[in-house]
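Thanks for coming. I have one structure to go through today, and I will keep to the packing. Please have a look at it first.

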Amino acid sequence: MLCLGIETSCDETAAAVVRDGRVALSDVVSTQIDIHRRWGGVIPELASRNHVIQVMPVIDEELTRAQVTLDQLDVIAVTSGPGLQGALLVGLQVAKSLALATGKPLVGVNHLEGHLLAIRLAADAPEPPFLGLVVSGGHTTLYEVPAFGTYKKLGTTRDDAAGEAYDKVARLLGLPYPGGQPIDELAQKGDPKAIAFPRALKSHEVLDWSFSGLKTSVLHHVQTHGVPTGQGLADLCASFQEAVADALTKKVMLGAKKAGATQLVLCGGVAANSRLRGLAQERADAAGVRLYLPPKRLCTDNGAMIAVAGAEAFRRGVRSDLSLNADPSWRL
């Protein structure tokens, strides 16, 4: 089965063809980072307009690289939420047009399900049941996955997503957008114990997170001491990054214990963070939990993950008609 996945939920225009829900024949992504960097974050109107320009060339390039024609496809999958309304509509209209023109089945995909199932593209991928932590610029949520298509939310952020906190701290420190990579690179040269930043919601009774207090603590530190340079900047980044990774992994391991889970998947853009990956592996090993980490290229938004989720949904009998619309707040 060949599934074309189309992703335009935020600032990446992406398409991929996946065979049998497990093998990406090709995966093309056009990023808008340079467009939004000057603003320090994604501007929805600019994102939508750029998707309009890029979406058809990206799909054409994808089909060419995969050596697949539209007639050879079995299903067309597209992100229909959550995300930015205007951005989602671009991908949706193109997917519906292609489905109408070719007579191929259409499947609307939840963006978060795509992240959870991106691990299916790895050679060694878990079968349900497992836990999945989706951690990105817009989401920080822990799910229990008893079966494909069945997702139970165990915990989530009560304010900022982890990736959003990275971006805001990076802007405060004068680092480029998006903030994850520059903070990670500096943190590897710093002392994670240099500054005692807080961890919120420490109670074992809840599996939720809060990162607004951590962000405010960094702000107060900068207001008191100024924006550091050199080793001081590296130490601040390392201390901030340690606070995020520590909070995330402690709650995830608590969730695994409560759910009796033996398999854990980390996914989403922040899952590419070196300290999060390292600390998660350390704590998973100690708890006897098998950790699955997607390749870093599959952590950020891509069309392959949408094709995988679309193929799995298609197997379950899910079909969408041409009334499929964007749902910016679609909960998994």
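At what angle do helix 5 and helix 8 pack, and how far apart are their axes? Before the answer, a reminder that this is a predicted model. The angle is about 175°, and the axes are 11 Å apart. Angles over 145 degrees count as roughly antiparallel, so helix 5 is roughly antiparallel to helix 8.

Now the residues at that contact. Helix 5 brings Ala 162, Ala 165, Tyr 166 and Val 169, and these meet Phe 240, Gln 241, Val 244 and Leu 248 of helix 8. By class, the residues of this contact are 7 nonpolar, 1 polar and no charged. As a general point, an α-helix has 3.6 residues a turn, so residues three or four places apart point the same way.

Staying with helix 5, its buried residues are Ala 162, Gly 163, Ala 165, Tyr 166, Asp 167, Val 169 and Ala 170. Helix 8 is one of the elements they pack against; the others are strand 6, strand 7, helix 6 and helix 7. Just after helix 5 comes Gly 174, with a positive phi of about 75°.

Next, the core. The largest nonpolar core has 46 residues, and the members that touch the most others are Phe 211, Phe 240 and Leu 248. Elements giving two or more residues to this core include strand 6, helix 5, helix 7 and strand 9. Helix 8 gives the most, with 13 residues. Apart from this core lies another, of 33 residues, with Leu 112, Leu 116, Leu 121 and Val 145 among them.

Leu 248 is worth a separate look. Setting aside neighbours within four places in sequence, Leu 248 is in contact with Leu 133, Val 135, Thr 140, Ala 162, Trp 209, Phe 211 and Leu 276.

Then there is Ser 136, in the loop between strand 6 and strand 7. Is Ser 136 buried or exposed? Its relative accessible area is 10%; buried means under 20%, so Ser 136 counts as buried. Beyond four places in sequence, Ser 136 is in contact with Ala 161, Ala 162, Gly 163, Glu 164, Gly 268, Gly 269 and Val 270.

Last, a hairpin. Strand 2 and strand 3 pair in the antiparallel sense over 8 bridges. Thr 13 has Ser 30 in strand 3 as its bridge partner. The hairpin leaves 3 residues between the two strands, and Asp 20 in the turn has a positive phi of about 55°.

That is what I have.

Technical notes
Residues are numbered from 1 along each chain as its sequence is written. This is a predicted model: local features need pLDDT of at least 70, side-chain atom pairs count only at pLDDT 80 or more; totals for chains, interfaces and linings use all residues. Side-chain values use heavy atoms; hydrogens and water are left out. A nonpolar core is a set of buried Ala, Val, Leu, Ile, Met, Phe, Trp, Tyr and Cys residues joined through side-chain atoms within 4.5 Å. Buried means under 20% relative accessible area, exposed over 50%, partly exposed in between (1.4 Å probe, protein chains only). Helices (H or I, at least four residues) and strands (E, at least two) are DSSP runs, numbered from the N terminus. Contact means heavy atoms within 4.5 Å. Two strands pair if DSSP finds at least two bridges between them. Axes are lines fitted to C-alpha atoms, for helices over the stretch in contact, and angles run from 0 to 180 degrees between N-to-C directions. Angles under 35 degrees count as roughly parallel, over 145 as roughly antiparallel, 65 to 115 as roughly perpendicular and the rest as oblique. Ala, Val, Leu, Ile, Met, Phe, Trp, Tyr, Cys and Pro count as nonpolar, Asp, Glu, Lys and Arg as charged, and the others, Gly among them, as polar.
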